[in-house]
Amino acid sequence: MIPRIHQRGTRTVGLLHYLYGPGLSEEHLDPHLVASWDSNAPDPGRDPQATLQQLQRLLDQPLDNIDAARRPARHVWHLSVRNAAEDRILSDAEWADAARRLVAAAGIDDPADGAGCRWAAVRHADDHIHIIATLVREDGYKPDLHRDAARSQTEARLLEADLGLRRLNTGDGTAAQRPTSAERHKAQRQQRERTPREELRETARRAVAGAQGEAEFFTRLAAAGLLVRRRTAPSGDLLGYTVALPDDRNKDGQPVFYSGSKLAPDLSLPRIRERFTDSAQAAQAGDGREERTTERPARGPASARRSATQAVWAAVLIIDHGDDGAVAAQLAAAGEVLDALATTSAAHTRRELREAATAFERASRSHIRAEHRHESALRQAARDLVHSGPALGRGEDGATTAMVIDMLFFLALAAAQWHSKHTHAQQAAAARQAAEHLRAAYQHAAGPPMSALRQRGRQLPRPLRQRQAAVLREAVPELAEQVLAEPGWDALASTLAEAETAGHQPAALLAEAAARRETDTAGSVSDVLVWRLRRLAHLPADPTTTPAADRAKPSRARPSAPVQGQREGRRRGR
């Protein structure tokens with residue numbers, strides 16, 4: 001049950017016309033009254049003798065009993081209450097009881113002394129009601145509406161339990177603002193999949209991912225096709241920004257702009273500035289100099305994904321053992337990595353990665369303040385992903401995509417556990433939802449490389465397979481029988497053989513891979529161990545390719561191929 005308090009209004013009869021009318025898309029069915037302040041209010045929906053004007057005059061009567069100077073400028077209070085799609089349909093009597101409890105909780109009604117505001121609850125659909133109230137009490141005083149939204153939410157959680165409805169998580173005020181009903185209806189009329197607010201939020205988040213400063217952020221917004229306005233102080237200092245879709249217009253034909261803070265709390269310009277490193281920030285305000293950045297040679301998609309895997313793994317350890325400020329920073333930057341990965345990945349994984357990034361957006365933010373100095377590795381990983389360009393869905397690009405998705409899955413689960421420990425219910429649920437999308441994306445990405453590895457494993461000589469099984473039992477006896485029964489054992493056997501050929505001790509490497517973090521939450525323990533081993537042993541993610549295929553794409557910033565190869569070798573040897 002989701003109660004939502006709308007912007008206050010000035011015309012009672014105007015809102016009544018909407019509630020009892022056909023709706024913007026003829027969606028209102030059988031509008032009628034289910035409850036009111038005295039249970040005797042006229043119902044223009046089902047009483048042929050009642051009119052909207054009669055109901056309006058009764059609702060507004062307390063206004064006429066006080067001096068004009070004491071009347072509130074906006075006296076119309078409006079609350080909508082909607083159930084989840086999977087909830088059962090409530091009866092009128094149940095909605096009436098819910099309405100009475102909600103107006104009492106919000107401070108509109110005062111059953112104790114009978115001097116509350118006048119209100120009416122109208123139902124015009126199976127899944128929701130609207131409550132309209134006049135913000136003057138019967139005794140002439142104003143109602144106490146301090147934290148009326150929070151109090152309504154608290155009462156809604158109790159109603160969910162009492163009525164057997166889906167139990168929603170209590171928020172902490174850090175969620176992004178949801179689209180209004182008018183925005184949703186407008187998007188439906190224009191046959192948009194999402195509202196402009198949601199499209200702009202995603203585009204702005206992608207523009208932030210790995211950006212080194214304001215100039216790059218605004219350049220990315222413009223390159224994405226958005227209309228951008230900057231708000232400056234008389235001194236010339238930049239104070240904020242607004243963005244709009246070129247084809248989203250109001251009734252006057254003007255673009256509809258949204259400020260960053262209206263898209264999400266962490267998309268305001270001051271909050272974005274906190275992410276930028278000192279070396280990439282603009283020069284001191286007012287000196288007119290451009291940002292100065294030091295770019296390192298561009299990475300190829302596979303190299304960028306390997307680097308991101310390492311950064312994500314380090315972040316998982318911080319989430320497990322770090323202080324709260326450092327963990328909050330890792331979660332914020334992990335959102336950037338997900339946005340960058342969704343933008344640059346192949347079509348067969350892009351949808352699930354995009355859904356994962358959208359879900360994790362809620363998990364990337366809480367009341368715990370992020371100490372952004374701890375997030376440089378993840379932000380650099382996001383930047384490398386963006387600048388590496390689109391990845392192929394096959395070969396080393398596809399295999400390293402599976403590798404980083406596997407690690408991001410564990411990060412999402414670690415985030416869910418951390419949020420649960422801090423009673424961040426909504427964030428924990430969002431992280432778990434992101435993990436499910438990442439699991440689905442992994443299945444798409446891992447198919448070809450794991451199939452190739454399994455085929456190689458089945459082709460190993462029988463004595464070698466038996467030796468690798470003995471290594472498995474020696475290194476991780478608690479996991480051995482489970483792994484040997486999984487389809488992925490063939491891929492793990494092949495990987496152990498490759499690691500041994502490369503000069504590693506398979507048992508020691510396997511023990512290290514298993515000890516790094518729990519594997520109980522993995523769908524396939526053998527898959528997890530394969531990717532950890534291939535990363536630890538610096539093996540190609542795709543067994544059909546060689547490390548040379550992972551060279552960076554040509555760019556103006558790239559040195560000669562031999563130098564680049566030497567640098568790649570040094571990086572992998574760290």
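Student: Is the crossing of α10 and α14 left-handed or right-handed?
Tutor: This is a predicted model. Helix α10 covers residues 301–321, and its axis lies 9 Å from that of α14. The handedness of the crossing of α10 and α14 is left-handed.

Student: Are α10 and α14 roughly parallel or oblique?
Tutor: α10 and α14 pack at an angle of about 15°. Angles under 35 degrees count as roughly parallel. Therefore α10 and α14 are roughly parallel.

Student: How many charged residues are in the contact of α10 with α14?
Tutor: Sort the contact of α10 with α14 by class. There are 17 nonpolar residues and three polar ones. The charged residues number five.

Student: How are α16 and α18 set to each other, roughly parallel or roughly perpendicular?
Tutor: Helix α16 spans residues 462–475, and its axis is 10 Å from that of α18. The angle between α16 and α18 is about 95°. The range from 65 to 115 degrees counts as roughly perpendicular. So α16 and α18 are roughly perpendicular.

Student: Which residues of α18 make the contact with α16?
Tutor: On the α16 side are L464, R465, R467, Q468, A469 and L472. By class, the contact of α16 with α18 has eight nonpolar, one polar and four charged residues. The α18 side consists of W489, D490, L492, A493, L496, A497 and E500.

Student: Which residues of α19 does α18 meet?
Tutor: α18 passes α19 in a right-handed crossing. From α18 come L492, L496, A499 and E500. The contact of α18 with α19 has six nonpolar, no polar and one charged residue. The α19 residues are P506, L509 and L510.

Student: What is the volume of the largest cavity?
Tutor: The whole structure was searched for cavities of 30 Å³ or more, and two were found. The volume of the largest cavity is about 40 Å³.

Student: Which helices each supply at least two residues of the lining of the largest cavity?
Tutor: The lining includes H348, T349, G398 and T401. H348 and T349 fall within 347–363, while G398 and T401 fall within 395–421. The helices are α12 and α14.

Student: How many charged residues are in the lining of the largest cavity?
Tutor: The lining also includes S345, A346, A391, L392, G393 and A445. By class, four residues are nonpolar and six are polar.

Key: Residues are numbered from 1 along each chain as its sequence is written. This is a predicted model: local features need pLDDT of at least 70, side-chain atom pairs count only at pLDDT 80 or more; totals for chains, interfaces and linings use all residues. Side-chain values use heavy atoms; hydrogens and water are left out. On a 1 Å grid over the protein atoms alone, a cavity is a set of points where a 1.4 Å probe fits but cannot get out, and a pocket is an open set with protein on both sides within 12 Å along at least five of seven lines; lining residues have an atom within 4 Å of a point. Grid points are joined across faces, edges and corners, and a volume is the space filled by probe spheres set on the points. Helices (H or I, at least four residues) and strands (E, at least two) are DSSP runs, numbered from the N terminus. Ala, Val, Leu, Ile, Met, Phe, Trp, Tyr, Cys and Pro count as nonpolar, Asp, Glu, Lys and Arg as charged, and the others, Gly among them, as polar. A crossing is left-handed if the near helix is turned anticlockwise from the far one by less than a right angle, and right-handed if clockwise. Contact means heavy atoms within 4.5 Å. Axes are lines fitted to C-alpha atoms, for helices over the stretch in contact, and angles run from 0 to 180 degrees between N-to-C directions. Angles under 35 degrees count as roughly parallel, over 145 as roughly antiparallel, 65 to 115 as roughly perpendicular and the rest as oblique.
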